[in-house]
Amino acid sequence: MNHKLVLRGDRPLKGKITAQGAKNAALPVMASALLMKNGTLDLSRVPDLHDIQTMSDLLRNLGADVRFAEGKMSIATPEELDWATPPALVRKMRASSLVLGPLLARCHRAVLPLPGGCAIGSRPIDLHLKGLTKMGAEIRLEHGSVHAEANRLKGTRIYLDFPSVGATENLLMAAVLAEGETVIENAAREPEISNLADTLIRMGGQIEGDGTGTIRVKGVEELHGTEIRIIPDRIEASTYILAGVITGGDVTVNGMEPEHLEALLAKLEEAGIRLSIKDDSVRTLPGGTLSAVSLKTLPYPGFPTDLQPQIMAALCLARGTSVIQERVFESRFLHVSELKRMGCQIELQGDTAIITGVEHLTGAEVRATDLRAGAALVLAGLAANGYTCIYQMGHIQRGYENMVEKLKCLGGDAEIVACDENEGPKF
Ligand code: UD1
């Protein structure tokens, strides 16, 4: 049975919600548990999401004992792990590739089918593989799977051609158990990398420079169990801030880290939105008028690609013409055709979208083609006149915990309705 999300829009949202733990921090931290022999990693503020279940199942398949209840997760690893990952799980989620570095470091071999995930460009893992090869791994691609082998990995200097988040995480995890020092140059600087580095340091790893472009890791012989709190989800928090903005409402997101969202908050202020920013909360104040702004997505601390679809939805109702350039992924505009069904005026030219603001959006039947595209449709649906029906809701549930409850808590009219496997938009 599939599900669709039905929204009735055109009402200002008002109220307070608390940010969930960051999916993109929890996934690598979970994978890092594989680096321990007979240890237990205890995590708190873990969001209850499909992707988290997929990673839990993957770790269980490799031999770990994973328990999860009410945001607390405990991962216990045995003496011996399996090193061949199950294709069905790996193909569900691109972040499955994060087990490659830990398996290679800990078991000296790994088999990983090339991963799946959101339909946003080709998304190769060549930078992960190049880095691991530089550390001494032998890597072959056979029948659609990566086969990797290594004795103890060796510390080295690795320059990433692009500051890939996943490659930085995989190499960081591989390096903590390598022989000697690894230096990762042009490393990703996302807050999720620092959450992982903090975890590894608490486990006994020696890491300096996370959060900068150069990370230095001194390899150690083994790691031990520890506990860590997952950072708040900056993309989820931002999506609800944008829900306040697009409905002209008064939304407060608590339990978040505003300094992780500076690119968004600065853009909103430039666009004429009034915000109240405190140490751990952001409130959208009604009364501002959203004006057009231009932006390009970039690695952190630049404007996040994971917020590009959502801010585009908001800018569809701004006064004037906005320009968004997508610089991280090659084809991340699948939401555009769906937004157009709701009355948005968007023209695509290569990696650039030109958005002409309109007065009103109208509810329509649309399809969530990927996680953040789905979030953009939710935002448009909250602002649109009448009903919006979003099919393939499962994509949204990969990244947003209790979305309907949170929207209702803000006064939104939202409901998940079961539908037939083959049911979809009628157009
Ligand atoms: C992570 C996030 C994802 C976010 C992305 C960029 C997780 C679980 N997911 O994904 O939500 O959109 O960062 O902020 O944290 N690339 C290569 N070769 C590689 C690796 C990446 O060419 O080996 C390219 C990708 O195709 C893409 C760009 O680099 O164009 C960024 O990818 P990357 O930073 O690796 O994203 P992910 O770690 O997959």
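Helices (H or I, at least four residues) and strands (E, at least two) are DSSP runs, numbered from the N terminus. This is a predicted model, in which local features need pLDDT of at least 70, side-chain atom pairs count only at pLDDT 80 or more, and totals for chains, interfaces and linings use all residues. Residues are numbered from 1 along each chain as its sequence is written, and side-chain values use heavy atoms, with hydrogens and water left out.

**Stop 1: Ala-33**

Select Ala-33, in the loop between α1 and β3 (40-44). Is Ala-33 buried or exposed? Its relative accessibility is 1%, so Ala-33 counts as buried; buried means under 20% relative accessible area, exposed over 50%, and partly exposed in between (1.4 Å probe, protein chains only). Display its contacts next (heavy atoms within 4.5 Å). Leaving aside neighbours within four places in sequence, Ala-33 touches Leu-41, Ile-75, Thr-77 and Met-203. For a distance across the model, pick Leu-298 as well: the two C-alpha atoms are 30 Å apart in space, and the residues are 265 apart in sequence.

**Stop 2: helix α4**

Select residues 100-107, helix α4, where eight of eight residues are buried. They are Leu-100, Gly-101, Pro-102, Leu-103, Leu-104, Ala-105, Arg-106 and Cys-107. Against which elements do the buried residues of α4 pack? Colour α1 (23-32), β6 (109-113), α5 (126-134), β8 (145-149) and α6 (165-176) to see these partners. After α4 comes His-108, with a positive phi near 65°.

**Stop 3: the ligand**

Centre the view on the ligand, which 18 residues surround (each with a heavy atom within 4 Å). The closest are Arg-94, Asp-126, Ser-164, Asp-306 and Val-328.

- Asp-126: a polar side-chain atom lies 2.6 Å from a nitrogen atom of the ligand.
- Leu-127: a backbone N or O atom lies 2.7 Å from an oxygen atom of the ligand.
- Pro-124: a backbone N or O atom lies 3.3 Å from a nitrogen atom of the ligand.

**Stop 4**

Select Arg-234 in helix α8 (residues 234-246). Arg-234 has a relative accessible area of 10% and is therefore buried. Beyond neighbours within four places in sequence, its contacts are Glu-190, Pro-191, Glu-192, His-260, Leu-261, Tyr-300 and Pro-304.

Arg-234 also lines the largest cavity, together with Ile-235, Ser-238, His-260, Leu-261, Leu-264, Pro-304 and Leu-307. On a 1 Å grid over the protein atoms alone, a cavity is a set of points where a 1.4 Å probe fits but cannot get out, a pocket is an open set with protein on both sides within 12 Å along at least five of seven lines, and lining residues have an atom within 4 Å of a point. The largest cavity holds about 40 Å³ of space. Helix α8 gives the most to its lining, with three residues.

**Stop 5: the second largest pocket**

Finally, select Val-245, Ile-246, Leu-290, Leu-317 and Glu-359, the closest to the centre of the second largest pocket among its 29 lining residues.

Note on methods: Points joined across faces, edges and corners; volume = space filled by probe spheres on them. Polar contact = N/O pair within 3.5 Å; in protein donor to acceptor, adjacent residues only side chain to side chain.
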